[in-house]
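Have the coordinates open as you read.

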Amino acid sequence: MTKLSISILDCDFANIKSEINKINNNKIDLIHIDIMDGKFVYNNTEELFDLNKISVLTNLKYDIHLMVNDPLDKIDDYIKHNPEIITIHFENNSNLMGCINKIKKHKINVGVAINPDTKISEIYDILDEIDLVLVMSVNPGQGGQKFIINTVDKVKALNERKCKNNILISVDGGVNNTNSKELLNAGADILVSGSYLVKSKNLNNSIKSLLNH
């Protein structure tokens with residue numbers, strides 16, 4: 001069953017309570033948190049998300065996406081929130097297996113994200129060690145970007161290995177109702193959608209349009 005993970009990067013943080021309440025009142029499975037260090041990508045969001053505050057407002061679990069260089073030490077900051085998933089990047093990570101093992105030790109699902117320029121064949125040898133692959137369908141670091149169409153081919157190729165490796169496939173970046181059908185048909189398990197959902201005037205209808213394939 002397809003899950004929806006809503007990226008709240010573009011939400012109105014001055015009115016975070018009403019933003020989260022809107023999410024709570026609709027069929028969203030996870031809250032996607034984009035943590036950026038200003039090095040791996042240009043933006044820095046480490047101070048933006050008050051997860052203690054958000055946790056009081058919702059029972060939904062977090063889908064943590066660490067867009068940071070060498071995330072090994074950063075992982076500790078997010079394990080304490082008991083997220084559903086912690087995803088680290090394949091790129092700019094000198095201790096990938098150390099990160100994977102640290103997350104697994106805490107019984108949290110481990111995701112590895114790959115940028116649009118990274119070939120999926122580069123991560124084939126670690127698929128047995130992880131729970132999820134996050135396929136970036138835009139270059140990371142900023143919301144509202146245009147979806148990169150060859151993402152669908154990456155999802156198809158990963159889907160062919162899904163049964164063997166028992167992984168989930170998540171897609172993040174520019175996901176909306178113009179590409180969700182192709183992604184789901186290609187084998188995506190989780191759709192991460194940000195501005196399309198957060199800025200929607202009717203969140204329930206937008207959710208239906210993503211999943212109606």
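The lining of the second largest pocket is made up of 4 nonpolar, 2 polar and 3 charged residues. The classes go like this: Ala, Val, Leu, Ile, Met, Phe, Trp, Tyr, Cys and Pro are nonpolar, Asp, Glu, Lys and Arg are charged, and the others, Gly among them, are polar. Met1, Thr2, Leu4, Lys27, Asp29, Asn204, Ile207, Lys208 and Leu211 do the lining, and helix α8 (residues 203–211) gives the most, with 4 residues. The volume of this pocket is about 190 Å³.

A word on what you're looking at: this is a predicted model, where local features need pLDDT of at least 70 and side-chain atom pairs count only at pLDDT 80 or more, while totals for chains, interfaces and linings use all residues. Residues are numbered from 1 along each chain as its sequence is written, and side-chain values use heavy atoms, with hydrogens and water left out.

On the terms: with a 1 Å grid over the protein atoms alone, a pocket is an open set of points with protein on both sides within 12 Å along at least five of seven lines, a cavity is a set where a 1.4 Å probe fits but cannot get out, and lining residues have an atom within 4 Å of a point. Points are joined across faces, edges and corners, and a volume is the space filled by probe spheres set on them. Helices (H or I, at least four residues) and strands (E, at least two) are DSSP runs, numbered from the N terminus.

So much for the open space; what about the enclosed kind? The structure has 1 cavity of 30 Å³ or more. The largest cavity comes to about 50 Å³, and its lining consists of Ile6, Ile8, Cys11, Glu19, Lys22, Ile23 and Val198. Helix α1 (residues 16–24) supplies the largest share of that lining, 3 residues. By class, the lining has 5 nonpolar, no polar and 2 charged residues.

Now the barrel. Its 8 strands close up in the order β1-β2-β3-β4-β5-β6-β7-β8, with parallel pairing. Neighbouring strands of this sheet are turned by 25° against each other on average, direction ignored; the axes are lines fitted to C-alpha atoms, and angles run from 0 to 180 degrees between N-to-C directions. For pairing, DSSP has to find at least two bridges between two strands.

| β1 and β2 | 3 bridges | Ser7 and His32 |

How covered is β6? Buried means under 20% relative accessible area, exposed over 50%, and partly exposed in between (1.4 Å probe, protein chains only). In β6, 5 of the 5 residues are buried, so the strand is largely enclosed by the rest of the structure. Leu132, Leu134 and Met136 sit on one side and Val133 and Val135 on the other, all buried. The β2 strand is mostly covered too, with 7 of its 7 residues buried. Leu30, His32, Asp34 and Met36 point one way from β2, while Ile31, Ile33 and Ile35 point the other way.

Which rings pair up? There's 1 aromatic pair in the structure. The rule takes rings of Phe, Tyr and Trp (its six-membered ring) with centres within 6.5 Å; planes under 30 degrees apart are stacked, over 60 edge-to-face and the rest tilted. Phe13 lies in the loop between β1 (3–7) and α1, and Phe49 in the loop between β2 (30–36) and α2 (51–57), so the pair ties together parts that are 36 residues apart in sequence. Phe13 is partly exposed at 23% relative accessible area, whereas Phe49 is buried at 8%.

Finally, a look at some loops. Most residues other than glycine have a negative phi. Asn82 has a positive phi of about 50° without being a glycine; its place is the loop between α3 (75–79) and β4 (85–89), where Asn82 is partly exposed at 44%. Lys107 has a positive phi of about 60°, again not a glycine, and belongs to the loop between α4 (96–105) and β5 (109–114). Lys107 counts as exposed, at 77%.
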